[in-house]
Structure formats: C-alpha cells, structure tokens
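Here are my notes on the model you sent over. Have it open while you read, and work through the points in order.

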Amino acid sequence: MHDAHGALASQPPGAGPQLGWQRSGRGAYPTVFLHGWPQTSHAWRRVLPLLDELCSAVALDLPGVGRSAPQPHAFDKVTMAANVYAALEDLGLGRVFLVGHDMGALVGYAFARRYPAAVRGLVSVDTALPGIAGWEDVTRSRAYWHLGFHSDTSCGRFTAQHLVQGNEREYFRRFIDRFAAHPEAIGATDIAIYVAGYQGADRLTAGFKMFRALPLDIADNQHTTESLEVPILLAFSEFSHATVTDTVAQGLHDVGVADVRTAMIPDAGHWPAEEQPVSLARAITEFVESIVSIDEKR
C-alpha cells in the first residue's frame, strides 16, 4: 500500500483549519474516508489496503483533531463539510466517493447535500443521521447517555472535558468497548493513537463541540428536503444499528434522497472498520463498482 500523509489548508490561508490526511491506493476512483469520535483517520488502517486496487483513498482527520490544526469553533456539520470540500479542492480529487462513520457520516451527509456535484456516492457506516427518521430510535436508548454528557457546559466549560482530561486513555477504552462486538480488534496501541489525536484542551474541546452542535445538525437536516440524486449506502453493523436500517432508509427517501441502498456488516459492533474490515471493504467495493457500472452505461 502506498501511504503518504501530511496537512493542507482547507480554506484560503488564514481562513480556516488545516486538515491532516493520509493517502493510499492506486485505484481509479478517488474515495474520501471520514472517521468518527473518539477516533482519527487511523480508524481506516485495515480497510484502506483492501481497496488499493479499486480506490485512490484519502483518509482525513476531522477539523480540530488528529493531525488537523486546532479549530476553536464552528463544529456544525455543514461548516465541517465546507472545510472538507475546500481540502478536497486543494488535493484536486474531482468527484469522489465518500465513506463516513459516526461523526464522519454526519459530515459526509452534509457534504453530499451541499456539494452534490462533487460526490459520486456516499457510504454511511453504522450511523443514524440527526433529524432523519431513526435518529430518535437510536438516541433515546440509555446506551446514548453520553450525548448529553458530551454536550453539557453547566460547570462553565464542557463537563466531559473537565472529567475526562487526563483520563482520556481510560475513557476512550471504556467508550469503545461499550459499543464494540469485538473490543479486542482495537488494541492498546490504537487507543494510544486516538488519545494522541485528542491530546490537549483544544483538541478534546473540538471533539465535544461536535456533540454540542447536534441540535444545529438536526435543524439543518430537517429543513433540507430538496431532491438529492447522490446514491447513499447505509452499511450498518449487525450488533449495532442494523435494526434501524429500514427506518433510516425510509427517512432518507422522505427527505428527497432518490437512491438509498442498504448492507449489513455481520458480526460487528459500532466499529466495523476495525472489527470486520473485510466485510466493510466488500460492501464499499460493491457499491463503488455498481455506480461506476451505471455511469458507464449512460
């Protein structure tokens, strides 16, 4: 696998954050990977080599975390999508496939909505979308108590940051294990890399601000209902969000998404890129190849 990494300006100089990135693969189809919380682009390490022949992959660190420059504000997903869009223009990728997980899927959906001409297809990995049917079905579960905890600022700053800072390794470990079917797939070295990606007050704050912006994301998605022709694949995990797949698919149809497809990643929890990378890579491959085949017939 060819692998390169670095950082690039995601907006004109001085206008926005720099995004960390890594590139791999020599395939014909530019594909951009957006990670979730509390992860970085490292989350895709097992998937990217499996797509080397098909994709020219770029895995980005979301604004404010990983190798991306500190970002003090604007963590609604529309703004984050604008950061990603400008970064991709810098990289000169043209039309891309997007693969997003967790917070990265929220950014990916906002990107497809705002820049549909730049997207050939979107894969949403095990993630319900704020303001779309299925979101409340997932988030009203007691398992999602962390949404309020991560957003709370009743102590004058983020309550979670006040309690987690200095204990990131333990908290990230417990958080990942809670939503994993195979926690052993994410080792101590991986946790250390994720902790490093959120090290320091600015980066930890950035992560929690992604949660605090969720009410804005809900409003944005509820008010964005024009027709969208970008194909979307919901690749949900058997032991995580697979039970709401049909609900989310119908919800997307209801807000104007014309082409919604589904796939289940078997024997996986919320971290399928690490728990079942072969199955996830197969779902991505089939999705990309099907869209390419349709495009070639037009």
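At what angle do helix α8 and helix α9 pack, and how many Å apart are their axes? Before the answer, some housekeeping. This is a predicted model, so take it as such: local features need pLDDT of at least 70, side-chain atom pairs count only at pLDDT 80 or more, and totals for chains, interfaces and linings use all residues. Residues are numbered from 1 along each chain as its sequence is written, and side-chain values use heavy atoms, with hydrogens and water left out.

1. **α8 and α9.** Helix α8 (residues 201-212) packs on helix α9 (residues 214-222) at about 45°, and the axes are 5 Å apart. That makes the pair oblique. The angle classes are: under 35 degrees roughly parallel, over 145 roughly antiparallel, 65 to 115 roughly perpendicular, and the rest oblique. Axes are lines fitted to C-alpha atoms, for helices over the stretch in contact, with angles from 0 to 180 degrees between N-to-C directions. Helices (H or I, at least four residues) and strands (E, at least two) are DSSP runs, numbered from the N terminus. On the α8 side you'll find Met210, Phe211 and Arg212, which meet Leu214, Pro215 and Asp217 of α9; contact here means heavy atoms within 4.5 Å. By class, that contact has four nonpolar, no polar and two charged residues. For the classes, Ala, Val, Leu, Ile, Met, Phe, Trp, Tyr, Cys and Pro count as nonpolar, Asp, Glu, Lys and Arg as charged, and the others, Gly among them, as polar.

2. **α1 and α2.** Helix α1 (residues 77-91) and helix α2 (residues 103-114) have axes 8 Å apart and an angle of about 75°, so they are roughly perpendicular to each other. From α1 the contact takes in Lys77, Val78, Met80, Ala81, Val84, Tyr85 and Leu88, and from α2 Met103, Leu106, Val107, Ala110, Phe111 and Arg114.

3. **α6 and α7.** The axes of helix α6 (residues 168-178) and helix α7 (residues 188-197) come within 9 Å and cross at roughly 120°, which means α6 is oblique to α7. Glu168, Arg169, Phe172, Arg173 and Ile176 of α6 touch Ala188, Ile191, Ala192, Tyr194 and Val195 of α7. Sorted by class, there are seven nonpolar, no polar and three charged residues in the contact.

4. **Partners of β3.** Which strands pair with β3? β4 does, in the parallel sense over six bridges, with Phe33 opposite Ala59. β5 also runs parallel to β3, joined by four bridges, and there Val32 stands opposite Leu98. Pairing requires that DSSP finds at least two bridges between the strands.

5. **β5 and β6.** Strand β5 (residues 96-101) pairs with β6 in the parallel sense over six bridges, and Val99 stands opposite Val123 in β6. As for cover, seven of the seven residues of β6 (residues 119-125) are buried.

6. Most residues other than glycine have a negative phi, and most peptide bonds are trans. Trp37 and Pro38 are joined by a cis peptide bond, with omega about 5°; Pro38 is in the loop between β3 (29-34) and β4 (55-60). Asp126 has a positive phi of about 45° and sits in the loop between β6 and α3 (135-139). Asp126 is buried, at 0% relative accessibility. Asp267 has a positive phi of about 55°, lies in the loop between β8 (260-265) and α11 (272-275), and is partly exposed at 33%.

7. Glu238, in the loop between β7 (232-237) and α10 (245-254), is partly exposed at 32% relative accessibility. Not counting residues up to four places away in sequence, Glu238 touches Met264, Ile265, Pro266, Asp267 and Ala268. Gly156 is in the loop between α4 (146-151) and α5 (159-164) and is exposed, at 71%.

How values were computed: Buried < 20%, exposed > 50% of the residue type's maximum accessible area, 1.4 Å probe, protein only.
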